[in-house]
Amino acid sequence: MSDYDFDLFVIGAGSGGVRASRVSASYGARVAVAEEYRVGGTCVIRGCVPKKLLVYGAHFAEDLHDARRFGWNVPKCDFDWPRLRDNVLGEVDRLNGLYTETLDKNKVTIFHERATIEGPHEVRLASGKIVTADKILIATGAWPVVPEIEGAEHGITSNEVFHLETLPRRVLIAGGGYIANEFAGIFREFGSQVTVVNRSDMILRGYDEQIRDRLLQISMAKGIIFRFNAPFQKIEKLEDGSLRAHLDGCDPIDCDVVLFATGRRPNVAGLGLETAGVELDGKGAIKVDENSRTSVENIYAVGDVTDRIQLTPIAIREGQAFADTVFGNKPSVVDYNCVPSAVFSHPPIAAVGMTEAEARNKLGSVKVYSSDFRAMKNVLAGRNERSLYKLVCDAETGKVVGIHMIGPDAPEILQAAAIAVKAGLSKADFDATVALHPSMSEELVLMR
Ligand code: FAD
């Protein structure tokens, strides 16, 4: 046992920090974790979980509408934002309690305050107390980027969006990434007027081009307005309390809420990394090796703060691999190949592996199979919304190197299909699998 107060001090009780703390403690390490906001971190408190619950809530708009075609006499329905908001926040409270309980059960000491690094083995708590530890793990996540423009303080970020007092009548969303598109879908389904403003000319960089185009087309058909190549100049607060956004290259837009979804930056500000000699990379993320070790031998970092892939399951895997390697005597590294991801837009997108463009660049010879179809449910509902599935294959070996989908339940379907891509299965293996009929997912084994 070391002379330090703890064997491990974790800064940040989010996805990565909680996993690393709990598992390290289960291996017998004396662990402390500091959390400046709420145990659970971004995913549980103001990210994936409340967002997905809003997505479910929003989808009822379509389900209630379509139900009439399926014989249900649905009266005119109103939407009550405060009720959904409060129920979602109640669920967040429940999960916050569960995460705290798990740490307590594993005898992890929780400091409910901010922590900064004082030296390689020293952490200072906001109360002024100095705590020492043999090893330090930085798991402070990422923080929303807000453009430096006049009036930026009138806008909100995803941190505040879950707490809105009232449902805004007009929402302006800045950004083209997954968070921007998800909230565009959510607010549009609730009945708000939604404008997505992007300084570039595309949405969802990194996703397959045809899939992105399909989302854009469907979103526009649902009434979401897009303004491309339109960087912000300033935001003005009008006398009636509403906002006016001035943009380059287009007319000013009046709205009730401006939501910045303009990226998330590694959360390192004021952490004291310089005092301990922890180095950052060119993008401001903490530099780590494959074992998540920083430039200081006994200091490690996992999750969004290292900006490898900013997703919850990745932060969790990194936290687990850290604990296994450092305290469990089971060295392991995270495999970043074929990580599936989703955009919970309306309809959702899901993808794994290389896009068609990436595969053409990397492999040269590529064969692409696709299915462009209207889901049976949409046909009866009279909903003119087409799904698109793509299989990207290595033309020489037939190996499926990427799957890209947009359509109802695409993320639920893709998780299983991602196993096949990860396992290196070929198009012939997909063809040899008998279809499960009638389903949307059968399209994956019926492409010719
Ligand atoms: P976090 O979970 O952010 O935890 C970091 C914690 O550290 C925070 O609780 C913070 O308060 C605390 N902290 C920071 N500095 C200090 C300090 N100095 N002292 C004490 N505590 C500190 N990912 C998905 O996989 N799927 C999704 O659908 C998805 N949706 C998202 C939607 C939104 C709106 C957002 C914002 C993110 C979403 N993400 C999603 C990303 C996901 O939330 C993150 O990748 C994940 O939470 C990263 O985990 P982490 O442990 O690195 O950091």
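Me: In which helix does Ala 359 lie, and what makes Ala 359 count as buried or exposed?
Reply: Ala 359 lies in helix α10, which spans residues 356-363, in what is a predicted model. Buried means under 20% relative accessible area, and because Ala 359 has 0% relative accessibility, Ala 359 counts as buried.

Me: Which residues does Ala 359 touch, leaving aside those up to four places away in sequence?
Reply: With those set aside, Ala 359 touches Met 354, Gly 364, Val 366, Val 392 and Val 401. Of these, Val 401 is 42 residues from Ala 359 along the chain, yet the C-alpha atoms of the two are separated by 7.6 Å.

Me: How do you know whether Asn 329 is buried or exposed?
Reply: The term exposed is kept for residues over 50% relative accessible area, and Asn 329, at 71% relative accessibility, therefore counts as exposed. Asn 329 sits in the loop between α9 and β17, and its phi is near 55°, a positive value in a residue other than glycine. Cys 338, which is found in the loop between α9 and β17, also has a positive phi, of about 60°, although Cys 338 is not a glycine.

Me: Why are α1 and α4 called roughly parallel?
Reply: The axes of α1 (residues 15-26) and α4 cross at roughly 25° and come within 9 Å; since angles under 35 degrees count as roughly parallel, the two helices are therefore roughly parallel to each other. The crossing in which α1 passes α4 is left-handed. Val 18, Ser 21 and Arg 22 in α1 meet Tyr 99, Thr 102 and Leu 103 in α4, and the residues of this contact divide into three nonpolar, two polar and one charged.

Me: What makes α1 and α9 roughly parallel?
Reply: Helix α9 (residues 312-326) packs with α1 at an angle of about 25°, their axes being 7 Å apart, and because that angle falls under 35 degrees, α1 and α9 are roughly parallel to each other. Here α1 passes α9 in a right-handed crossing. On the α1 side the contact includes Arg 19, Ala 20 and Val 23, and on the α9 side it includes Ile 316, Gly 319 and Phe 322. The residues of the contact of α1 with α9 divide into six nonpolar, six polar and two charged.

Me: What makes a set of residues a nonpolar core, and which members of the largest one touch the most other members?
Reply: The members must be buried residues of nonpolar kinds, such as Leu, Val, Ile and Phe, joined through side-chain atoms within 4.5 Å. The largest such core has 39 residues, and Leu 54, Val 161, Ile 173, Phe 183, Phe 187 and Ile 349 touch the most other members. Among the elements that each supply at least two residues of this core are α3 (48-67), α4 (81-105), α6 (178-190) and β18 (349-353), and the largest share, seven residues, comes from α6. Apart from this core lies another, of 24 residues, among them Ile 117, Ile 138, Ile 299 and Val 305. In soluble globular proteins, nonpolar side chains tend to be buried together.

Me: Which residues does Leu 54 touch, not counting those up to four places away in sequence?
Reply: On that basis Leu 54 touches Trp 81, Leu 84, Val 88, Phe 162, Phe 183, Ile 186 and Phe 190.

Me: Where is Pro 347, and what is the peptide bond from His 346 to Pro 347, cis or trans?
Reply: Pro 347 lies in the loop between β17 (341-343) and β18, and the bond from His 346 to Pro 347 is cis, with omega near 0°. A cis peptide bond also joins His 437 and Pro 438, where omega is about -10°, and Pro 438 is in the segment after α13 (427-432).

Key. Residues are numbered from 1 along each chain as its sequence is written. This is a predicted model: local features need pLDDT of at least 70, side-chain atom pairs count only at pLDDT 80 or more; totals for chains, interfaces and linings use all residues. Side-chain values use heavy atoms; hydrogens and water are left out. Buried means under 20% relative accessible area, exposed over 50%, partly exposed in between (1.4 Å probe, protein chains only). Helices (H or I, at least four residues) and strands (E, at least two) are DSSP runs, numbered from the N terminus. Contact means heavy atoms within 4.5 Å. Axes are lines fitted to C-alpha atoms, for helices over the stretch in contact, and angles run from 0 to 180 degrees between N-to-C directions. Angles under 35 degrees count as roughly parallel, over 145 as roughly antiparallel, 65 to 115 as roughly perpendicular and the rest as oblique. A crossing is left-handed if the near helix is turned anticlockwise from the far one by less than a right angle, and right-handed if clockwise. Ala, Val, Leu, Ile, Met, Phe, Trp, Tyr, Cys and Pro count as nonpolar, Asp, Glu, Lys and Arg as charged, and the others, Gly among them, as polar.
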